[in-house]
Amino acid sequence: MKPAITYEIIEVSLLAGKIMLQSGAETYRVEDTMSRISAAYGISTSHCYATPTALIFSMEGENPTKLVRISERSTDLNKVTLVNGISRQISAGELSAKEALTSLKEIELADHTYPIWLQIFSAFISSGCFLIMFQGQWNDFLLACLAGGLGFSALIYLHKLLEMKFFAEFLSSFIIGVVAILTVRTGIGLEVDKIIIGSVMPLVPGLLITNAVRDLIAGHLMAGVAKGAEAFLTAFAIGIGIAATFIIF
Amino acid sequence: MIEQLITSFIASAAFGIIFSAPKESLVKCGFVGMAGWFLYFLLYSSNVSSIMATLAATLLVAIISQIFARYYKTPVIIFSVAGIIPLVPGGLSYDAMRNFVENDYNMALQLAARAFMLSGAIAMGLLFSEVINQLIKKSKQVKN
């Protein structure tokens, strides 16, 4: 195989892996997709190694080994679906390496997330729903919505402003705690605990914790430990945010 | 019971929006979440331990997600994430954190251990369904 084409194949599978890792796909799926893509282009022996912060891809022979650094991670399931679709097309032999590269670049740049007001509204509604699911009372429904919506908008805004996830999570859970305690003190709300639990749910790193345990069991030890640490930090930030309100009030 | 069904449906679908799942899969996300929470709630209110209830509910979520993923040719994670969210022990972790702050370490460690066991149960449920899926795939290959 000519070197130029091989180089393109490396680029395609690395970009696919990068987008998937950044969008919150499972580690094993990232590695699986990358080796599938290179196998579909006729490279039988390739090694890829994915951790939440870096991605290494190497082929046998004289081809260069490449490393991609991943600094920002979020959850964007739409991108995972799109990349998955492309990898299916590649496996079926419908896309050349060049075509795949251009469409992957399009996916990387495109913004598929829902408008921010809709995301905040979802956090608003789901907080109230969680309150009911955790046996709260309908009286507190709107209060939990309010606290959850405020907390989630604070998270989005502060994350952009401070560019430090830990502090943004801390402050937004602090806001949730303040809203919950104030409403209960003034007699509008009934149960502080239920309101806080319901409205904190949009911030809780449930996906991360589960993925971490899952990666550990599946043998991806590095990825599992790293994700576990990230989840722990988030939970810790939320915890001390809430704790701070209890100490102040 | 009906309010539990409706709220879990809305909450799971809303989480689909937060995780920017594709538009056409939002209703399915809601359905998966509702099914999981329904089973959990049913078992939990008939005095099954919360770990067993979570395990069973996750297994159900994972199986439905696998079927959906196969049928609609999308990654499993889209459906399983939204379905698992209601089962995540957010309340327990909160209680644990609160006890840590109030210097009640005995209680806090107990709660934290339980939260850890519950997330372990969720992960086990997901893995079980994957193992079953692979067994089915392999047995099909052998037949061919």
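Student: Over residues 12–246 of chain A, what are the helix and strand percentages, and how far apart are the end C-alpha atoms?

Tutor: In this predicted model, that stretch of chain A is 69% helix and 6% strand, with its end C-alpha atoms 51 Å apart. The range itself comes from UniProt, where an unreviewed entry lists residues 12–246 of chain A as "domain: Threonine/serine exporter-like N-terminal".

Student: Good start. Which elements make up chain A, and in what order do they run?

Tutor: Chain A has ten helices and three strands. Reading from the N terminus, the order is α-α-β-β-β-α-α-α-α-α-α-α-α. The C-alpha atoms occupy a box of roughly 75 × 30 × 30 Å along the principal axes.

Student: How much of chain A is buried?

Tutor: Chain A has 249 residues, and 52% of them count as buried. The contacts tell you something about sequence separation too: of those in chain A with a separation of 6 or more, 65% are between residues 24 or more positions apart.

Student: Let's look at the strands. What is the strand order in the sheet, and is the pairing parallel or antiparallel?

Tutor: First the general idea: strands of a sheet pair through backbone hydrogen bonds, in either a parallel or an antiparallel way. Here, the three strands of chain A form an open sheet in the order E1-E2-E3, and the pairing is antiparallel.

Student: Why is one side of E1(A) and of E3(A) left without a neighbour in the sheet?

Tutor: Strand E1 (46–50) and strand E3 (66–69) of chain A are at the edges and have a single partner strand each, so one side of each lacks a neighbour in the sheet. From one strand to the next, the twist averages 10°.

Student: How many bridges join E1(A) to E2(A)?

Tutor: Five bridges link E1(A) with strand E2 (residues 54–59) of chain A in the antiparallel sense.

Student: What does UniProt say about chain B, at residues 4–132?

Tutor: An unreviewed UniProt entry places "domain: Threonine/Serine exporter ThrE" there. Over residues 4–132 of chain B, the model is 82% helix and 0% strand, and the end C-alpha atoms lie 30 Å apart.

Student: Which residues of chain B are listed as "transmembrane region"?

Tutor: The unreviewed UniProt entry lists residues 36–64, 76–94 and 114–136 of chain B. Compare two of these ranges in the model. Residues 36–64 of chain B are 86% helix and 0% strand, with end C-alpha atoms 9 Å apart. Residues 114–136 of chain B are 100% helix and 0% strand, with end C-alpha atoms 33 Å apart.

Student: Is H4(B) mostly covered or uncovered?

Tutor: Mostly covered: eight of its eight residues are buried. Among them are Ile77(B), Phe79(B), Val81(B) and Ile84(B).

Student: Last topic, the interface. How many residues of each chain are in contact with the other?

Tutor: In general, the size of an interface is often given as the accessible area lost when the parts come together. Here we can count residues instead: 37 residues of chain B are in contact with 42 residues of chain A. Helix H1 (2–18), helix H4 (77–84), helix H5 (90–101) and helix H6 (105–143) of chain B each contribute at least two residues to the side of chain B that touches chain A. H1(B) gives the most, with ten residues.

Student: And by class, what does that side of chain B contain?

Tutor: The side of chain B that touches chain A has 25 nonpolar, ten polar and two charged residues.

Terms used
Residues are numbered from 1 along each chain as its sequence is written. Chains are lettered from A and ligands numbered from 1 in the order in which they are written. This is a predicted model: local features need pLDDT of at least 70, side-chain atom pairs count only at pLDDT 80 or more; totals for chains, interfaces and linings use all residues. Two residues are in contact if their C-beta atoms, placed from the backbone, lie within 7 Å. Helices (H or I, at least four residues) and strands (E, at least two) are DSSP runs, numbered from the N terminus. Ala, Val, Leu, Ile, Met, Phe, Trp, Tyr, Cys and Pro count as nonpolar, Asp, Glu, Lys and Arg as charged, and the others, Gly among them, as polar. A residue is buried if 20 or more other C-beta atoms lie within 10 Å of its own, exposed if 12 or fewer, and partly exposed in between; C-beta atoms are placed from the backbone. UniProt positions are given in the numbering used here, feature names are shortened, and annotations may be inferred rather than shown by experiment. Two strands pair if DSSP finds at least two bridges between them. Axes are lines fitted to C-alpha atoms, for helices over the stretch in contact, and angles run from 0 to 180 degrees between N-to-C directions.
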